[in-house]
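Please look through the structure shown below before reading on. The briefing that follows goes through it topic by topic.

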Amino acid sequence: MTGLSGDRAEVAARITIKDVALAANVSVSTASKALNARGRMTDETRKRIQDIAQKLGFRPNAMARALVHQRSFTLGLLTNDTYGRFTLPIAAGLSAAMADRGVSVFLCAIDDDPERVRLNLEAMEDKRVDGLVVSGKRIDRVLPVDLPAVHMPVVYVNAACPPGAIGFVPDDEGGAYAAVAHLVSLGRRRIAHVTGPRSFGAVGLREKGWLRALSEAALPCFGAALSGEWSEGFGYESAQRLIADPEAERPDAVFCGNDQIARGLIDALTLAGVRVPEDIAVVGFDNWEIFATATRPPLTTVDMALKELGRLAGLTLLDLIDGKPVEAGQRRLPCRLKVRQSCGSEEPSTE
């Protein structure tokens, strides 16, 4: 007699609810109620059955679980961030929070094409997902999602929140304020700002945080903020402008609107013989680690806590699915300053 193949052997050895009931010396019905948080029984009995199930390695059948609860235990994640810069950490936080609750995440990446959105939403509804997280590339744009046509709860992350909806975004102004206040605490007094296109809502908020920190420290602006592309090239060009006149006073610190700008700026300063951070300290925004940790010196930057955004969005969506009251509106979550060598401080991060 030949042995079972790997997949068939795994199926044959899978622990069933009957095995759990037998080990706990209860009926199958009681075991089912304990594992599905249903029915009347003492907390001690429920916990004992759940502990036995965990020890045996019991995994509930997804189809049976869905039938019992009238839910699919899946969430949809719809995003136009096809590069994944913002969505991947958001998805990681969402998936980690949902895994602990036996919920899967179904990801659909789209362009800003209403027809493609419609097709993806139909696919999600065909799969009977319980709720939808909509994730964007910027906080001031709404993805082309027709809410009245979506027959499920929706939460927005890192995207504009339509009236009456629920959303989560980073506190851009607060993050910028923390970055500049840290530079001030290190004794920097001439702090310039180099940032992205003014058409982005985050740009205005980060500039506002820069100005607030300077005002509270009774420091003047070191010129107007330099605004351009979100790119290393613009950072490089901006550094050249800041140090072009050898007779003019130079900044002793630069707060950059993102990490790409900061990295390009540091490259230009280094090539010009300006020491970072001894002569000019530099702080970025985003904590995009592929840029921040590879910069020389490693870049101090503002972490937008994208994983936490994803986690809280998922938990809020579960509350909506369960019928719990959730106040509409957009929540701004605190950012965290990740301190590395580019600002001249070896202090540990506030993470």
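In this predicted model, Val-180 is in contact with Ile-191, Trp-210, Ala-213, Leu-214 and Phe-255, once residues up to four places away in sequence are left out of the count. Val-180 belongs to the largest nonpolar core, which has 44 residues, and together with Ile-191 and Phe-255 it touches the most other members of that core.

**Nonpolar cores**

**The chain as a whole**

- The chain has 351 residues, of which 46% are buried, and its secondary structure comprises 13 helices and 12 strands.
- When contacts between residues at least 6 apart in sequence are considered, 70% of them join residues that are at least 24 apart.
- The average pLDDT of the chain is 87, and 88% of the residues reach a score of at least 70.
- Over residues 1-12 the pLDDT stays under 50, and for this stretch the model has two contacts beyond four places in sequence.
- Where pLDDT is low, the predicted coordinates should not be read in detail.

**The second largest pocket**

- The volume of the second largest pocket is about 530 Å³, and among the 26 residues that line it, Phe-86, Lys-137, Arg-138, Phe-200 and Trp-230 are the closest to its centre.
- Helix 9, which covers residues 201-216, supplies the largest share of this lining, with three residues.
- Sorted by class, the lining of the second largest pocket consists of 10 nonpolar, six polar and 10 charged residues.

**Cis peptide bonds**

- Which form does the peptide bond from Val-276 to Pro-277 take? This bond is cis, with omega near 10°, and Pro-277 lies in the loop that runs between helix 11 (259-271) and strand 9 (281-286).
- The peptide bond from Arg-296 to Pro-297 is also cis, with omega near 0°, and Pro-297 is placed in the loop between helix 12 (289-292) and strand 10 (300-303).

**Asparagines with a positive phi**

- Asn-158 is not a glycine, yet its phi is positive, at about 55°, and the residue is found in the loop between strand 4 (154-157) and strand 5 (166-170).
- Is Asn-158 buried or exposed? With a relative accessible area of 3%, Asn-158 counts as buried, because the cut-off for buried residues is under 20%.
- Asn-287, likewise not a glycine, has a positive phi of about 55°, and its place is in the loop between strand 9 and helix 12.
- The relative accessible area of Asn-287 is 8%, so this residue is buried as well.

**Loop residues and their contacts**

- Thr-295 lies in the loop between helix 12 and strand 10, and because its relative accessible area is 2%, it counts as buried.
- Leaving out residues up to four places away in sequence, Thr-295 touches Arg-263 and Ile-266, while the C-alpha atoms of Thr-295 and Gly-264, which are 31 residues apart along the chain, are separated by 9.2 Å.
- Ser-199 is in the loop between strand 6 (191-195) and helix 9, where, with residues up to four places away not counted, it touches Arg-138 and Asp-140.
- Between the C-alpha atoms of Ser-199 and Asp-140 there is a separation of 9.3 Å, although the two residues are 59 apart along the chain.
- Val-142 has its place in the loop between strand 3 (131-135) and strand 4, and its relative accessibility of 47% is the reason why it counts as partly exposed.
- Beyond its neighbours within four places in sequence, Val-142 is in contact with Ala-160 and Pro-162, and from Val-142 to Cys-161, 19 residues apart in sequence, the distance from C-alpha to C-alpha is 6.9 Å.

Conventions:
Residues numbered from 1 in each chain as written. Predicted model: local features only at pLDDT ≥ 70, side-chain atom pairs only at ≥ 80, totals over all residues. Heavy atoms only, no water. Core = buried A, V, L, I, M, F, W, Y, C linked by side-chain atoms within 4.5 Å. Buried < 20%, exposed > 50% of the residue type's maximum accessible area, 1.4 Å probe, protein only. Contact = heavy atoms within 4.5 Å. pLDDT = per-residue confidence, 0-100. 1 Å grid on protein atoms, 1.4 Å probe; cavity = no way out; pocket = protein on both sides within 12 Å on 5 of 7 lines; lining within 4 Å. Points joined across faces, edges and corners; volume = space filled by probe spheres on them. Helix = DSSP H or I, 4+ residues; strand = E, 2+ residues; numbered from the N terminus. Nonpolar A, V, L, I, M, F, W, Y, C, P; charged D, E, K, R; others polar.
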